[in-house]
Amino acid sequence: MRNVNIIRNVFIPIGNNELQLVDIHFDETIQSIEKRLPESVAWSEIAAPEQRASFIQKVSARLEAVEAPEIDGQFLVLMPGAIDPHVHFNTPGFEFREDFDHASLAALWGGVTTIIDMPCTSLPPVTSLPNMRRKLQALQNRAYCDYAFWGGISGTDFSDRQRLKQNMKELVEAGVMGFKAYLISGMEKFTDLNARQMKQAAEWIKQLNVPLAVHAEDKELVLTRRSQFQAQDQNDWQAYCSARDIEAEARAVSLMVSIVRQTGAAVHIVHLSSKRGLEIVQNARNNDLPMTAETCPHYLYFTQQDFKRPQIRNYLKTAPPVKFAEDRDALWQGLADDSLLFVTTDHAGCDPKTEKASENFWQVYGGIPGVEHRVPFLLSEGFLKGRLTLEQCVNLLSTNVAHFFKLKNKGSLARGKDADFALIDLWHGWTVKADAMHSKGKYTPFEGVEFKAQVIKTFLRGVLAVNRDENYQTTTPIGKFVPRN
């Protein structure tokens, strides 16, 4: 018989900004959720620290006496373990930049219990079943959180179309969540697709009934501009951002709408950065096309004005780059009205001393290691600043991802689900410091930013994995592969 643990006196979100005070009984899965009070609690009743203290004092006499709890929830908020469906953890492959050992621990410190790893920064890339098996073998005893995979489609794969089609079928049968493809790629081992190839890939993906995730920037526009700027010795951030501007994203997203219309494939636009790109996605969705999109914390916080700050300039470089205030504001609105399905990180770290140091902005590595910061960021900047409800934040961080990728045991607090929890303090903030990060590359454009929420404890399938109060982290990598159902 398995031991059942109890976490007592936690608030769980039950809709909008309403909470319920409960005890949760669990082993590897949730066994039961028992109300401590019959009535729900509005966030507005406990939002300030003094309100919360007063609430605890008032209700303590009403709470049924119990033996000392195995786990004291301290009247904090418990949410389902977050799921980040867009990360680059690089094992096996570019592990001098990031690896599963560091990144999966960083995920747990950020309340993330499951990630979906991109196929393109593994060597070999996850473009065939043998390559996927090599990756699974490489991750043995190295993953601290649960993990799933995207499969990949590289332009080089089209030299043998029948083999490519068979590879895709075998990867779906092996449990990949979908396929990632690029309209522009700087990777030698994972090249971009032209419009004709992308349409063919979409037709096959429609038959396989999985999503196609697309990096959407117009290759011809970007490369033509880049060549012009470089020929004029323009190597600064302004030139980079001008080459990869709003028009480049809008053209690529429009192309994907056309392909969706022709094929019926479900297309997901990754790391959407602009208002125009969002409007194109919204129009497609309004016309009942199966198109979805995500955005990332850096697009929700920074603008191109922040490139003027030399201390974070190179750390902020991504593809696509951040845009302008109206784009940032539109993306927040897109989260609020459900036009955007997830907030992901596109976690992609590097050695900042060597790859983020160049004075030539074209040569600066593009990527941010953000898996540790996403949950506190969205709760701080989204919920606590009134842009989103608590329910919307949980959906964007966990529930929507579980539904979209058919992760039946993840994404919600319900009996029978995996006991994946993040215990959140919404009353005490903290300041982001790169040297305290747990990823391999310790840098972030959020250096010095105060988040008003923090992850205190994370449980993975019932096991306490990290505890910030005691500076504890597990030394046992119990992460499991999670196939698509």
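User: What makes the second largest cavity a cavity, and how much space lies in it?

Analyst: Glad to start there. This is a predicted model, and in it about 50 Å³ of space lies in the second largest cavity. The word "cavity" is used because a 1.4 Å probe fits there but cannot get out.

User: Which residues line the second largest cavity?

Analyst: Its lining is made of Pro80, Gly81, Ile83, Thr113, Thr114, Asn409, Lys410, Gly411, Ser412, Lys417, Asp418 and Asp420. By class, two are nonpolar, six are polar and four are charged.

User: How many cavities of 30 Å³ or more does the structure hold?

Analyst: There are three of them. The largest cavity holds about 70 Å³ of space. Around the largest cavity stand Pro297, His298, Thr345, Ile368, Gly370, His373, Arg374, Thr444 and Phe446. That lining divides into three nonpolar residues, five polar and one charged.

User: What lines the largest pocket, and which residues lie nearest its centre?

Analyst: The lining has 42 residues, and Gly186, Met187, Ala319, Tyr365 and Gly366 are the ones nearest the centre. Sorted by class, 17 are nonpolar, 15 are polar and 10 are charged. Strand β10 (179-182) and helix α7 (219-231) each supply at least two residues, and α7 has the largest share, with five.

User: What makes β12 and β13 a pair?

Analyst: Two strands pair if there are at least two bridges between them. Strand β12 (residues 267-269) and strand β13 (residues 291-295) have three bridges, in the parallel sense, so they pass that test. You can look for His268, which stands opposite Thr292 in β13.

User: Which open sheet has β12 and β13 in its order?

Analyst: They are part of an open sheet of six strands, ordered β9-β10-β11-β12-β13-β14, with parallel pairing.

User: Why are β9 and β14 called edge strands?

Analyst: Each of them, β9 (151-152) and β14 (342-343), pairs on one side only.

User: How do you know that β2 and β3 pair, and what do they form?

Analyst: Strand β2 (residues 18-26) and strand β3 (residues 30-35) share five bridges in the antiparallel sense. At least two are needed, so these strands count as paired. With three residues between them, β2 and β3 form a hairpin.

User: Why is helix α14 described as largely enclosed?

Analyst: Helix α14 (residues 374-383) has 10 of its 10 residues buried, so the rest of the structure largely encloses it. Buried means under 20% relative accessible area. Among the buried residues of α14 are Arg374, Leu378 and Glu381.

User: Which residues touch the most other members of the largest nonpolar core?

Analyst: Out of 132 residues in that core, these are Ile115, Leu212, Met256, Ile269 and Leu378. Helix α3 (residues 100-109) gives the most to this core, namely seven residues. Another core lies apart from it, with 18 residues, including Ile83, Met177, Phe190 and Leu341. In soluble globular proteins, nonpolar side chains tend to be buried together.

User: What does Leu212 touch, not counting residues up to four places away in sequence?

Analyst: Leu212 touches Phe179, Ala181, Met198, Ala202, Ile205, Met256, Ala266, Val267 and His268.

User: Why does Lys275 count as partly exposed?

Analyst: Its relative accessibility is 31%. Partly exposed runs between the 20% limit for buried and the 50% limit for exposed, so Lys275 falls in that middle class. Lys275 sits in helix α10 (residues 275-286). Leaving aside neighbours within four places in sequence, Lys275 is in contact with Glu326, Asp327 and Ala330.

User: And where is Gly93: buried, exposed or partly exposed?

Analyst: Gly93 is partly exposed, because its relative accessibility is 33%. Gly93 has its place in the loop between β6 (82-87) and α3. Gly93 and Pro124 are 31 residues apart in sequence, with 7.2 Å between their C-alpha atoms.

Terms used:
Residues numbered from 1 in each chain as written. Predicted model: local features only at pLDDT ≥ 70, side-chain atom pairs only at ≥ 80, totals over all residues. Heavy atoms only, no water. 1 Å grid on protein atoms, 1.4 Å probe; cavity = no way out; pocket = protein on both sides within 12 Å on 5 of 7 lines; lining within 4 Å. Helix = DSSP H or I, 4+ residues; strand = E, 2+ residues; numbered from the N terminus. Nonpolar A, V, L, I, M, F, W, Y, C, P; charged D, E, K, R; others polar. Core = buried A, V, L, I, M, F, W, Y, C linked by side-chain atoms within 4.5 Å. Buried < 20%, exposed > 50% of the residue type's maximum accessible area, 1.4 Å probe, protein only. Contact = heavy atoms within 4.5 Å. Points joined across faces, edges and corners; volume = space filled by probe spheres on them.
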